[in-house]
Amino acid sequence: MSVLVYTETDNGKFKKNAFEVASYAKNVADQMGVSVTAIAINAENTDALGTYGVSKILNVSSNQLATFNAKAYASAIAQAAEAEGSKVVIISSSADSKYLGGILAAKLNAGYVPNVVAAPESASPFMVKRTAFSNKGFAHTEIDSEIKIVGVSNNAFGVVENATSASSETFAPTIGDADFGVKSVEVDKVVGKATIADADIVVSAGRGLKGPENWGMVEELADVLGAATACSKPVSDLGWRPHSEHVGQTGKPVASNLYIAIGISGAIQHLAGVSASKTKVVINNDPEAPFFKAADYGIVGDAFEVVPELIEKLKEFRAQNA
Amino acid sequence: MKILVCISNVPDTTSKINFTEDDTKFDTNGVQFVINPNDEFGLTRAMWFKEKQGAAVHVATVGDASVEPTIRKALAIGADEGIRVNAEPKDGFFVARQLAEIVKNGGYDVVIAGRESIDYNGGMVPGIMASLLDVNFVNTCIGLEIEGTEATAVREIDGGKEKINTTLPLIIGGQKGLVEESDLRIPNMRGIMMARKKALNVVDPVDAPIPTADKKFERPAPKGPVKLVDAGNVGELVSLLHNEAKAL
């Protein structure tokens, strides 16, 4: 009867969102008067999960699952849900979880609500708040199927410590060749740098930077902040920056704690993709740029003067607060 | 090769989002509806398969008669035939179940849907369809090549991309990258005229559960005015981000 949570790993280590979804699962379990079981696939060490309220860990160790495969992973999670008799399954909003979410919903015959930004308003009826209309609205959505799947937005619920003694056991789902009709041939991924999906802070720049040769200061600012770099659509269309950095409605969504927009005017499509970020800062020499209406903090000024100055001030701040 | 492109009829990106009937319904008053952008990238890629590899391209959507102009637009862009499931698209599971029925009966080799619609942002329809039909599925797809029954796809992942080999039948959750924005087509007069003569078949829905329901909507709380920091006092921004926003 426990609430099942899928805690994602990357290279054997838990992603930050794993602790957030575990914290969320604990809240749901408390409302329902049950405990939390986590399923972890090829995790090196699952000790940390107890800190966030997980009572039991189903440890899957499988060479077949060494590379993410949505169907096979969904199959493993569905089998864990059946073994646990779970009525609620919690997943994240990562690209991988969104990929497997639909497959899992069909396997469990479950109602699935992604982009959820708050703990359930009630467990019976089961009601959650989620974003809709590309962050221009919220919906309060009821799930009335026997099994329910909730996809939690990044950085919305937050990480909540809830020390619990967690037991761990090996779980060996049946995975067949039929689960591998889609084969990963090659993964090309940035290593050692924060990604837009996981980063606490995203530094993004637009056409105001005048050319790709001027991105040095954006990268330096991102380095100082431990942030991911992103860009506006025109910048990726012009080929100044790779497509994978394009954020906005047709690019990657951003839900960071802090989003810094440099030389980005703030077209409605851009704002739709980034407005889930908690604090937004805009640096632009045009005081009429629409982004000033969407931002929390702004500086009207020349990016080529403001950004280097900001880097210096942040270095001083880091030195004082180290 | 037979391709089905699943399209969603959504408010144009620039639409003002308002709610009506005590905040239980989306207010369509004055709203311009368009083909969901993620689906339009898929439709345009399908046109490429039609022109280069002789594919037949059908489009399908779930909705009442008011969505027909959007289907006609897809036909004007070049799709051969339209299908409308005559039902209100209440929930992703319900819609996926309807479209799966179309795929099953139509014998499609490739189904291209968008990674998500820009209205309800569920992003679950292609995955549920793939699982119900037990066929291969690639989500957030930014590149697709097909030779015979073999397909090569590129998937966008967090922090990069992944190259994938798979086989038909295949379901795609597509997005920008399948084609570029500059490849998108605006229907010309000839296309619009021809679209009027193309078949638009209306079919009845099959019985399917509707496991989720939006009970109430709300708009984001109005945001306070931006706090401006003088360009000559950048240190003030660092201090505000640390002390006030707690973002550093």
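**Figure 1. Helix 8 of chain A against helix 6 of chain B.** Helix 8 of chain A crosses helix 6 of chain B in a right-handed sense; a crossing is right-handed if the near helix is turned clockwise from the far one by less than a right angle, and left-handed if anticlockwise. Helices (H or I, at least four residues) and strands (E, at least two) are DSSP runs, numbered from the N terminus. This is a predicted model, in which local features need pLDDT of at least 70 and side-chain atom pairs count only at pLDDT 80 or more, while totals for chains, interfaces and linings use all residues. Residues are numbered from 1 along each chain as its sequence is written, and chains are lettered from A and ligands numbered from 1 in the order in which they are written. The angle between helix 8 of chain A and helix 6 of chain B is about 50°, and their axes are 9 Å apart. Axes are lines fitted to C-alpha atoms, for helices over the stretch in contact, and angles run from 0 to 180 degrees between N-to-C directions. Helix 8 of chain A is therefore oblique to helix 6 of chain B; angles under 35 degrees count as roughly parallel, over 145 as roughly antiparallel, 65 to 115 as roughly perpendicular and the rest as oblique. Helix 8 of chain A contributes Val306(A), Glu309(A), Leu310(A), Lys313(A), Leu314(A) and Phe317(A) to the contact, and helix 6 of chain B contributes Val234(B), Gly235(B), Leu237(B), Val238(B) and His242(B). Two residues are in contact if their C-beta atoms, placed from the backbone, lie within 7 Å. By class, this contact of helix 8 of chain A with helix 6 of chain B holds seven nonpolar, two polar and two charged residues. Ala, Val, Leu, Ile, Met, Phe, Trp, Tyr, Cys and Pro count as nonpolar, Asp, Glu, Lys and Arg as charged, and the others, Gly among them, as polar.

**Figure 2. Helix 4 and helix 8 within chain A.** Helix 4 (residues 216-225) and helix 8 (residues 303-321) of chain A pack at about 15°, with 10 Å between their axes. Helix 4 of chain A is therefore roughly parallel to helix 8 of chain A. The crossing of helix 4 of chain A with helix 8 of chain A is left-handed. From helix 4 of chain A the contact takes Met217(A), Glu220(A), Leu221(A), Val224(A) and Leu225(A), and among the residues from helix 8 of chain A are Val307(A), Pro308(A) and Ile311(A). Nine nonpolar, no polar and three charged residues make up this contact of helix 4 with helix 8 of chain A.

**Figure 3. Helix 2 and helix 5 within chain B.** Helix 2 (residues 68-77) and helix 5 (residues 189-197) of chain B meet at an angle of about 120°, their axes 7 Å apart. Helix 2 of chain B is therefore oblique to helix 5 of chain B. Helix 2 of chain B and helix 5 of chain B form a right-handed crossing. Arg72(B), Leu75(B), Ala76(B) and Ile77(B) of helix 2 of chain B meet Gly191(B), Ile192(B) and Ala195(B) of helix 5 of chain B. The contact of helix 2 with helix 5 of chain B divides into five nonpolar, one polar and one charged residues.

**Figure 4. The two sides of the contact between chain B and chain A.** Chain B gives 65 residues to the contact and chain A gives 71. Among the elements of chain B with two or more residues on this side are helix 3 (92-106), helix 4 (125-133) and strand 14 (212-218). Strand 11 of chain B gives the most, with eight residues. The side of chain B that touches chain A has 30 nonpolar, 21 polar and 14 charged residues.

Figure 5. Tyr24(A) is part of helix 1 (residues 16-32) of chain A. Tyr24(A) is buried, because 31 other C-beta atoms lie within 10 Å. A residue is buried if 20 or more other C-beta atoms lie within 10 Å of its own, exposed if 12 or fewer, and partly exposed in between, with C-beta atoms placed from the backbone. Not counting residues up to four places away in sequence, Tyr24(A) touches Ile90(A), Ala119(A), Val152(A) and Phe157(A).

**Figure 6. Surroundings of Thr149(B).** Thr149(B) sits in the loop between strand 9 (136-147) and strand 10 (150-157) of chain B. Thr149(B) is exposed, because 12 other C-beta atoms lie within 10 Å. Leaving aside neighbours within four places in sequence, Thr149(B) is in contact with Thr167(B) and Leu168(B).
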